[in-house]
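Here is a short tour of a predicted model, written for someone who likes to look at contacts and packing. Have the viewer ready and follow along.

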Amino acid sequence: MKRVVVVGAGFGGLQAIADLDRILRGDRGIEILLISDQNYLLFTPLLPQIASSYTDPRHIVQAVREIRGRRRFRFRRDVVCFVDAPNRRLVLESGWIEYDSLILAPGSRTDYFHTPGARENTWDYKSLQNAVELRERIIDLCEHADHTEDPSERRSMLTFVVVGGGYTGIELITEMRDFLFRYAARTYRGIQASEIRLLVLEATQDLLRGVGPKLAAHARKRLDVEGIEIRTSSRVTRVFEGAVEINGSETIATDTVIWTAGVRASELIESLPGPHDRIGRALVNAHLELEGYPEIFVVGDSAAAVTAPEAPRVAPVAIEQGRVAARNVRHLWRGEPLESFAYEAQGMLVSLGMNYAVVNIAGIKVSGYFAWLFWNAVHLYKLVGLKKQLQVAGDWALGLIFPRDAAIVRSPRRCKLCGTAGKV
Ligand SMILES: Cc1cc2nc3c(=O)[nH]c(=O)nc-3n(C[C@H](O)[C@H](O)[C@H](O)COP(=O)(O)OP(=O)(O)OC[C@H]3O[C@@H](n4cnc5c(N)ncnc54)[C@H](O)[C@@H]3O)c2cc1C
């Protein structure tokens with residue numbers, strides 16, 4: 001029996017496994033296996049809305065076994081530690097497994113660019129756990145600021161810094177603004193709106209690269225109006241506990257620095273044989289094959305296709321590459337010519353919080369309320385499954401009528417001085 005393995009239950013991996021399942025339907029002598037350390041697909045475009053309590057965390061994930069439905073592929077929840085390419089084996093946390101063909105789609109991880117203190121003192125924003133923890137952090141700081149009298153302590157607690165002016169950083173800060181100004185400043189009697197400071201630090205001169213200069217300027221104007229400070233040409237050079245240093249000189253006191261500035265390939269991909277680009281992604285040919293190993297395909301955030309070096313690290317690219325890799329597995333087995341991946345820009349949609357978005361699709365550029373409605377419609381449509389669509393639509397509708405939910409559900413209170421726990 002032959003075995004094709006897909007690693008990673010993200011956008012690229014799930015598309016690849018679904019397509020393999022379909023195109024190999026008649027080949028019962030082939031085992032199709034998906035391995036991932038998480039047993040769900042995370043719909044990352046809605047991740048910023050978790051921090052603002054606008055959407056419920058469970059509503060933006062879908063279990064792999066639910067997505068599988070009646071398909072025949074097998075799923076194994078496991079960590080892939082190493083690809084033993086010469087022996088066609090995967091070393092897993094719980095053993096090893098052989099493959100005949102392999103599609104790697106393990107996504108990416110955060111790159112701190114060797115900034116001193118960044119790894120230890122910043123909040124990451126890539127996973128569901130990151131989002132849930134940041135949400136609780138923000139609420140916890142509001143709870144403390146509400147009764148803290150020392151002005152400098154209050155200032156640090158209510159200053160939130162996002163490093164990185166890409167779409168993740170901008171969508172996140174605007175969601176945080178909605179929560180802090182529309183909810184916290186009205187509900188916590190000890191917090192004034194004028195005390196809340198929100199900052200985005202971007203090392204380059206450009207904000208929101210990819211939406212075009214005109215829309216980026218629009219976005220910047222909107223953020224100004226909303227009271228969000230945008231500082232371009234501001235490289236974070238050090239992060240301390242309680243402060244962030246910019247361009248090696250200025251220091252800003254803050255209790256919360258969120259790092260969205262860079263990504264690099266996962267360790268699994270960096271350890272693969274063959275060439276890599278400067279952020280550790282595997283350099284693959286037009287068919288998405290790894291050099292010297294035609295049975296290994298790499299897709300999504302992990303891959304740098306030589307034919308499309310300009311392709312951004314976004315879900316539509318991962319999905320399209322997953323499709324091409326799945327078809328190429330079959331072509332390879334049948335001795336047919338392989339297909340090439342060609343990148344087609346699909347535009348960009350960026351939400352700037354409640355009621356405002358900027359959209360650049362097929363040369364059409366719009367911003368404002370209708371762009372925001374369009375952003376909502378597209379993301380609702382792209383969510384997998386009617387249940388998730390209804391849950392998220394429900395969250396959004398309730399969010400328009402009722403105040404946000406500020407309950408801290410994960411971390412029970414424990415006295416910092418004596419260790420006495422509250423109700424655990
Ligand atoms: C906050 C945020 C917002 C975003 N917003 C958008 C957006 O609005 N639009 C857009 O198009 N893109 C957006 N993106 C980018 C998009 O999520 C990625 O480009 C896309 O997920 C890449 O797909 P992938 O299949 O390569 O990897 P992923 O979707 O990241 O999936 C990788 C999977 O592999 C698993 N895995 C990793 N390592 C291992 C291992 N060693 N063993 C087993 N399993 C492993 C992971 O747990 C995960 O399930 C956003 C990303 C973030 C973080």
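A polar contact is a pair of N or O atoms within 3.5 Å; within protein, one of them must be able to donate a hydrogen and the other to accept it. With that in mind, look at Glu136, which sits in helix H5 (residues 128-145). Is Glu136 buried or exposed? Glu136 counts as buried because its relative accessibility is 6%, and the cut-off for buried is under 20%. A polar atom of the Glu136 side chain lies 2.9 Å from the backbone nitrogen of Val409.

Now to the nonpolar cores. The largest one has 66 residues, and Ile60, Tyr125, Ile170, Leu180 and Leu198 are the members that touch the most others in it. Helix H7 (residues 167-187) gives the most to this core, with 10 residues. Another core lies apart from the largest one; its 55 residues include Ile97, Tyr99, Ile269 and Val284.

Finally, a helix pair. Helices H1 and H10 pack with their axes 7 Å apart, at an angle of about 35°, and the crossing is right-handed. The two sides of the contact are listed here.

| Helix | Residue range | Residues in the contact |
|---|---|---|
| H1 | residues 11-23 | Phe11, Gly12, Gln15, Ala16, Asp19, Leu20, Ile23 |
| H10 | residues 315-334 | Ala315, Ala318, Ile319, Gly322, Arg323, Ala326, Arg327, Val329, Arg330 |

By type, the residues of this H1 and H10 contact are nine nonpolar, three polar and four charged.

Terms used: Residues numbered from 1 in each chain as written. Predicted model: local features only at pLDDT ≥ 70, side-chain atom pairs only at ≥ 80, totals over all residues. Heavy atoms only, no water. Core = buried A, V, L, I, M, F, W, Y, C linked by side-chain atoms within 4.5 Å. Buried < 20%, exposed > 50% of the residue type's maximum accessible area, 1.4 Å probe, protein only. Helix = DSSP H or I, 4+ residues; strand = E, 2+ residues; numbered from the N terminus. Axes fitted to C-alpha atoms, helices over the stretch in contact; angles between N-to-C directions. Left-handed = near helix turned anticlockwise from the far one by under 90°. Contact = heavy atoms within 4.5 Å. Nonpolar A, V, L, I, M, F, W, Y, C, P; charged D, E, K, R; others polar.
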